[in-house]
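Biologist: I'm new to this one. Can you put it on screen and walk me through it?

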Amino acid sequence: TTSGLINLAKRIETLETSSASGANGADGANGTNGADGTNGTNGADGANGTNGTNGNDAAAGRQYGYDIAYTATVVTGTVGPWGDEMATAIGVDGNPIIAYDHLASNDGMGVTHCDDVVCTTSTTTDYKLGSDTGNGISLTIGTDGNPIISHADRDAGHLVVTHCDNVACTTATHTTYTTTNGDGSGTSITIGTDGNPIISHYDVADWHLVVTHCGNVACTTATHTAYTTGNENGWDTAITIGTDGNPIISHTDIRAGGLVVTHCGNVACTTATHTTYTTDNGGRYSSITIGTDGNPIISHNDSDAGDLVVTHCDNVACTTATHTTYTTPGNEDGRYSSITIGTDGNPIISHYDHDARDLVVTHCDNVACTTATHTTHTTTNGDGLDTSITIGTDGNPIISHRSGSDLVVTHLSKSAWTNNGWD
């Protein structure tokens with residue numbers, strides 16, 4: 001019927017309408033990011049930028065050299081020591097200790113222990129071991145922290161070793177070597193790489209260099225090696241330890257008038273090689289140390305011309321060397337010379353101007369001491385006999401020396417900077 005067809009058409013329309021897509025729903029939440037991809041290759045370098053403007057000039061730096069102030073302390077007691085043949089070291093307490101021939105105590109040995117760095121006060125102990133036991137004195141600090149001193153009983157012709165029982169050396173034990181080659185004239189002592197003392201000295205009867213190697217820290221036993229051939233004469237000996245660990249000794253061939261350097265072949269110096277330098281008739285009053293370049297450097301005196309000579313070795317054994325002679329500030333410079341290395345890395349030397357009777361300090365401008373500046377100390381108690389120099393714990397040189405019958409301790413200090421070295 002007509003109404004049935006109409007109803008069928010409406011159903012079909014309804015079905016078509018209900019089958020059409022509905023509206024889109026809301027977006028879902030984002031998923032987690034995937035892993036990063038590999039980096040791409042670097043791009044080419046960009047062009048350099050333009051240079052910036054120059055900065056302001058820096059403040060002027062310090063100039064080379066020092067103005068030197070010094071204080072001289074006269075060490076006197078009830079007898080007033082005669083500071084002949086003296087030696088100075090810095091003790092483990094940081095204060096200087098000085099040994100010397102104490103003529104005022106009837107040819108005994110005096111040991112003065114300073115109470116402070118500049119030795120403004122001190123205590124002195126006298127050792128009277130024989131008729132003339134304060135000669136040829138040398139002092140160092142042992143591996144036990146106590147001073148040990150080599151010296152001579154000149155009348156008996158024996159080497160004596162004094163081992164201090166404490167830092168100030170107020171008590172000590174003494175060992176005398178009376179065997180052949182035991183003569184102790186012109187001694188010099190240092191500590192070997194085995195921890196035991198080793199001593200160079202002179203057998204005055206036979207004109208020979210002798211090396212005594214101690215068997216223990218106190219040197220109560222020892223072996224002696226004498227060098228009897230050639231020009232190995234042992235006047236004015238000085239010993240140190242080279243960078244190869246073996247002793248090296250400067251001394252004088254008094255007959256030929258030359259400097260001799262003996263390089264030991266082992267720790268005990270039972271074998272050695274000898275190099276003689278006859279230039280400038282040097283070798284008297286020698287003192288040796290090791291420079292910052294690792295080679296020995298020696299101060300000594302040209303006894304003919306009366307000049308200070310500095311010999312800088314070209315190698316550890318000193319088989320070749322260069323020699324620099326200083327003819328200023330006066331005549332007879334270089335007597336009683338003593339050398340050490342300053343805190344600037346250059347050698348510094350104390351010595352004596354015999355004509356002017358003054359203490360002279362020569363500060364080297366370089367490791368080899370080919371140029372130097374000289375300071376003469378002419379004030380009261382400035383006499384420079386029997387000098388011995390070391391560097392104090394404050395970094396400044398300290399020198400023991402003699403003025404007349406007094407022991408004098410001179411402490412140098414840096415007061416200002418100049419371009420003229422040690423003034």
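Modeller: Strand 7 (residues 147–153) is mostly covered, with 7 of its 7 residues buried. Buried means under 20% relative accessible area, exposed over 50%, partly exposed in between (1.4 Å probe, protein chains only). Strands (E, at least two residues) are DSSP runs, numbered from the N terminus. This is a predicted model: local features need pLDDT of at least 70, side-chain atom pairs count only at pLDDT 80 or more, and totals for chains, interfaces and linings use all residues. Residues are numbered from 1 along each chain as its sequence is written, and side-chain values use heavy atoms, leaving out hydrogens and water.

Biologist: Which way do P147, I149, H151 and D153 point from strand 7?

Modeller: One way, while I148, S150 and A152 point the other way. In a regular strand, side chains alternate between the two faces of the sheet.

Biologist: How many bridges join strand 7 to strand 8?

Modeller: There are 6, and the two strands run antiparallel. DSSP must find at least two bridges for strands to pair. H151 stands opposite V160 in strand 8.

Biologist: What about strand 6 and strand 7?

Modeller: They pair in the antiparallel sense over 5 bridges. They also form a hairpin, with 5 residues between them.

Biologist: New topic. How many salt bridges does the structure hold?

Modeller: It holds 2. A salt bridge is a side-chain nitrogen of Lys or Arg within 4 Å of a carboxyl oxygen of Asp or Glu. One joins R402 and D386 (3.1 Å, N to O).

Biologist: Are R402 and D386 buried or exposed?

Modeller: Both are buried.

Technical notes. Helices (H or I, at least four residues) and strands (E, at least two) are DSSP runs, numbered from the N terminus.
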